[in-house]
Amino acid sequence: MLKTLKTGVAATLLMTGAAYADGHGGPYAEYAGTTLVVNFPAHPHYNAAMKVLPEFTKETGIEVEVDQLPYLKMRERQTLELAQDEGEYDLISYVVFSKADYVFADQLENLAKYFMNPKLADPNYDAEDLIDGYVQNIGVAGGAKGYLPGPTGSLFGIPFGSETSVLAYRKDIFEKHGIAEPETYDQLLDAACKIPELEPGMGGMASRAASGHQASHAFLLHLAPLGGRVFDDAWNPIINNDAGVQAANALKTIVDCGPEGAMSFGPSEAANAFSNGDAAMFLDSIAFMPGFENPDRSQVVGKVGYAMHPKGVRRGSQTGGFGIAIPKNAENKEAAFLLMQWLTSKQGDLMVAMEGGNPSRFSTYQDAGLNEKYPFAATFGEALKYADPDWRPIIPVWGKINADIGTTMSKVLTEDLDIQEALDGVAERTRAVMEEAGYYTWQ
Amino acid sequence: MSIARVNRLSPYMFMAPAMVIMAIALLYPLGYMIWGSFRDWNPSQSIGEAEFVGLKNYITLWNDPNFRESIGVTLRFAFFVVSIEMVLGVGLALLLDRDIRGMSVLRTMFILPMMIAPVVVGLMWRYMYHPTIGTFNRFLESIGLPKVDWLGDYALTSIIIADIWQWTPFIFILSLAALQSLPRSALEAARIDGATPWQQIWHIKLPLMMPVLIVTGLLRLIDAFKVLEVILVMTNGGPGLSTEILALRISRTATEFRELGVAAAMSNYLLILLLLLTVAMFAFTRIQEARAARVRAAAEEAS
Amino acid sequence: MQNQRANPAFFAVIALLVFMSVGPVLLMFANSFKLDVDIISGTSGLLFLPTIQNYETALCDVLWYEPEHLDFCSLKFGGAFINSIIIALVSTVLTLVIGSMAAYALVRFRFMGRDTVSITTLMVRMVPPAVLLVPVFGLWNNEFCLDKDGLIGGAIRDSFGGRGDVCLAGTHSGIILIYVAMNLPFVIWILQSFIVQVPRSLEEAARVDGAGPFQVFFKVVLPLIKPGLAAAAIFTFRIAWNEYLLASALSDRNTKTVPILIVNNMSEFNVEWGVIMATGMLLAIPPIIFTLLASRQIITGMTAGAVKG
């Protein structure tokens, strides 16, 4: 039935394409035969997109060659490519925190001129349907603080692979021991440490913790709901306040009560630990969740419940994921825009979602077929409402601060560094970085 | 006349390609790096656009606790790796120094680990160290012992073990070659004098092997500072900075943090460190060689 | 001492050593034929149904059929394998030719003393690839470039396509150049000790017959130092074949080598152990073959490097 649905969607698309091709050539005719070189991350959402790309070629005659890299490698590659006078990539996918770097260095095309071009812009695109929080978070730069929504912002990319965090937990285990679905952080931490006692050999919660970006990510994930921020409104580092200490404590508790080897987990190890049944909970991006329902890879199919990211002093799940944008130094910018528009259109978004991707449109989350195939889609849609766009600052110097937080958190986890002291150190070094970058010029 | 000129020029013509290539691909880059280390330089700039900052990169690094920790990790790694490998390699060579059939087959098997790509070595060990599906923990579990978080709690030890696995054969084979080229007369004489095997090893074999052992040790020491891929694949420097050796930190600073100037300054620190160690080893070699020559002379006199 | 030969403990030690050095390789070999499910669930030992699925996944871009279990081909191992072969072979041949010429000149024409050469070799060997990373990255990307509007640059762009100025970075030649430079000192060092042993009288006889210096070198000297060349070739090939760091900084999507592909494939989202083991196995096969066929030359090369130096 799902197959038919997919072909149904494809058929509709084909018909639209055919309609265009008939008579006046259609928007794609001019670019048929072009080969676009795109740079995608190795990521479940983009693996889903890879399955859909042949449809695009069939419909438009535009060939797509994909260079898929792990996402941290992808960023390294891009910083190099984008700095050239003429680059190889026509369309790139970027991690949301790269937005600041690329826009600041003037390396991405402003999308306004494409949406203004009647030959390129699809009148049925329905931008209203795109989840606004993500458009703002991933695509818009130049608003409040430079990275948040605001009147001075403009659009440089479109969300494709939008993620937020949800809690996956083992319904069977929780029911067996009469533990309620964790609503708050207290309940979460309580459950995390109770489970290893009740279920010998099983860790409480699987979390990222590996040194560097992963540990930083895991820390920030808890910082926002517990009421913390990295900076206050005047860019003063406040990562070492009570909320910061609480978040670091939470992470430490989780890792200490986590499965075997938790300290060196990256996201894939953490997700694997959960899908092998080595952990009872997993709090991370929705991108991993479809994998738990795949009988080829997961041993917990059907046993997983999905809940919203637990509440601390507020609800604040992560906003993250990827956007797609056109580099300034691209060769086939217009054809790249057409691909971008096609992938993020209502039909494109749905097709990718049906293959296991993460939708960026309200209509996709409401789609009956999707909800039938992935029962957790509704929870995700709900979670999106609380996605916090400010859970991590997206500023050009973030890479350095992120690495520092990551290394320090990893030391806290493995070497029992005093948390307050460790965070004070981060704050101090962060202040120096910010000072050098000129954030205190106006004070 | 022209033939004579060709003959006179030919030495230069034989040398020229090697000289040119080493000049443009080794010397020039090294000079370029020293030049770059005085600049605030990121990958999207050419070096001319980068701002000159004097010694700032060096000073920042000197005061950076993470950098110092990284040096500490590097030195510890190199020290343990080289000393354990030397002891094991030489010990095995002394133990297996006898005519057994199939020795060449054995040697073939022993050199296998070091022929395999470091990247592959890294992934094999990462698999074996894996907390749940890894070979070691499976084994521990099956005999009822608690699991060990190899790449978490004992990361440095774990990468040292992997390196020992890969490189002990190198020392073993070189020591074996050295042992087999020892003057038989000296050993014969010692045996006739009734020296126990231990005395033979301690007073004759080891001192005579010493020059080779020192060169071998020096080569291993230099290579220990080059190890990168194995660690990159196994731990990527973590947890914390516990396995972030200098080579890895340089590469991360350049590619991840995009600070080429700092990475260049770090490279220079590493070079200076290596130079100091090499010079020290050389001085040591000279002294040892003099001693070995004395022992050899004495041994030959005795025979 | 002789009677220890029959000592069972002695053979136990040998067996243990063999097991330790070969075991991990065999483990990888076995795992490369397992499905991920089998690896993870730990159906231990040798009781599993071997499958070539992992190899199909790895080699999907060069297979003549489309493996059924794949939705799309993402790994492109075949292309990387070809790149690795080109880079390793070309750089090995170049290093040998250039290196043997230089070694010959050093020995026969007494340019520098052997000490100078030894020290230079040691100095160069001392430089870790990581130290070369920054300058090579900068030079190959920004300085060693031909303007695309220039004569040669334009011709290259016209005939090979691509965009931007023609730079060494991202080309096979760029990676080959740095490998040749890195390996030259070592090759010169090893070959010197072989060339010294070539009797001068042979060369003089050839010269009397009217051969020029290059003819003497290629027709008389080179054939005589074949064992040395073999040893040097294996070591050069090994480094060029296995190197990761510099290649990853210099290659682009079309010139990726296998080690880069393997590191990339240890990605964050899905560690597919079976496929990784299969790619690792494929990368390890050429060195393993060399080891089995030419272990004597390898040992010669190693000892020539340390014992005679």
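**Entry 1. Contact between chains C and A**

The model is a predicted one, and I began with where its chains meet. On that criterion I found 14 residues of chain C in contact with 21 residues of chain A. I then sorted the chain C side by class and noted four nonpolar, five polar and five charged residues.

**Entry 2. Confidence**

I looked up the scores of the model and recorded an ipTM of 0.85 and a pTM of 0.84. For chain C I noted a mean pLDDT of 80, with 88% of its residues at 70 or more.

**Entry 3. Chain C as a whole**

I counted 14 helices and two strands in chain C. Of its 309 residues, 51% count as buried. I also considered contacts in chain C with a separation of 6 or more, and 70% of these join residues 24 or more positions apart.

**Entry 4. Nonpolar cores**

Which residues have the most contacts inside the largest nonpolar core? I listed Ile173(B), Ala102(C), Leu133(C), Val136(C), Ile178(C), Ala181(C) and Ile188(C), in a core of 187 residues. Its largest share, 17 residues, comes from helix α8 (residues 172-195) of chain C. Apart from this core I found another, of 136 residues, among them Ala250(A), Val304(A), Trp391(A) and Val426(A).

**Entry 5. Val262(B)**

I located Val262(B) in helix α12 (residues 260-302) of chain B. Is this residue, Val262(B), buried or exposed? I recorded Val262(B) as buried because it has 26 C-beta neighbours inside 10 Å, where 20 or more are required. Leaving aside neighbours within four places in sequence, I found Val262(B) in contact with Asn57(B), Thr60(B), Leu61(B) and Thr253(B). Val262(B) and Asn57(B) are 205 residues apart in sequence, yet their C-alpha atoms are 5.3 Å apart in space.

**Entry 6. Strand β3 of chain A**

I examined strand β3 (residues 91-95) of chain A and found five of its five residues buried. In a regular strand the side chains alternate between the two faces of the sheet. I therefore looked at each face of a strand separately. On one side of β3(A) I noted Leu91(A), Ser93(A) and Val95(A), and on the other Ile92(A) and Tyr94(A); both faces are covered.

I next looked for the pairing partners of β3(A). Strand β1 (residues 35-41) of chain A pairs with β3(A) in the parallel sense over two bridges, and Asn39(A) has Ile92(A) as its bridge partner. Strand β10 (residues 319-325) of chain A pairs with β3(A) in the antiparallel sense over four bridges. Here I noted Ile324(A) as the bridge partner of Ser93(A).

**Entry 7. Domains of chain A**

I took the domain assignment of chain A as domain 1 (2-163 + 319-384) and domain 2 (164-318 + 393-437). The C-alpha centres of the two domains lie 29 Å apart. Their contact takes 24 residues from domain 1 and 19 residues from domain 2. On the domain 1 side, α3 (44-60), α5 (98-104), β10 and α18 (377-384) of chain A each supply at least two residues. I noted that α18(A) gives the largest share of that side, five residues. By class, I divided the domain 1 side into 12 nonpolar, eight polar and four charged residues.

Most residues other than glycine have a negative phi.

Lys145(A) has a positive phi, near 55°. I placed Lys145(A) in the loop between β4 (140-141) and β5 (154-155) of chain A. Lys145(A) counts as partly exposed because it has 13 C-beta neighbours inside 10 Å.

Trp235(A) also has a positive phi, of about 65°. I placed Trp235(A) in the loop between α10 (213-223) and α11 (242-256) of chain A. With 20 other C-beta atoms within 10 Å, Trp235(A) is buried.

Conventions:
Residues numbered from 1 in each chain as written. Chains lettered and ligands numbered in written order. Contact = placed C-beta atoms within 7 Å. Nonpolar A, V, L, I, M, F, W, Y, C, P; charged D, E, K, R; others polar. Buried ≥ 20, exposed ≤ 12 C-beta atoms within 10 Å, placed from the backbone. Pairing = 2+ DSSP bridges. Core = buried A, V, L, I, M, F, W, Y, C linked by C-beta atoms within 7 Å. Domains from an automatic or database assignment. pLDDT = per-residue confidence, 0-100.
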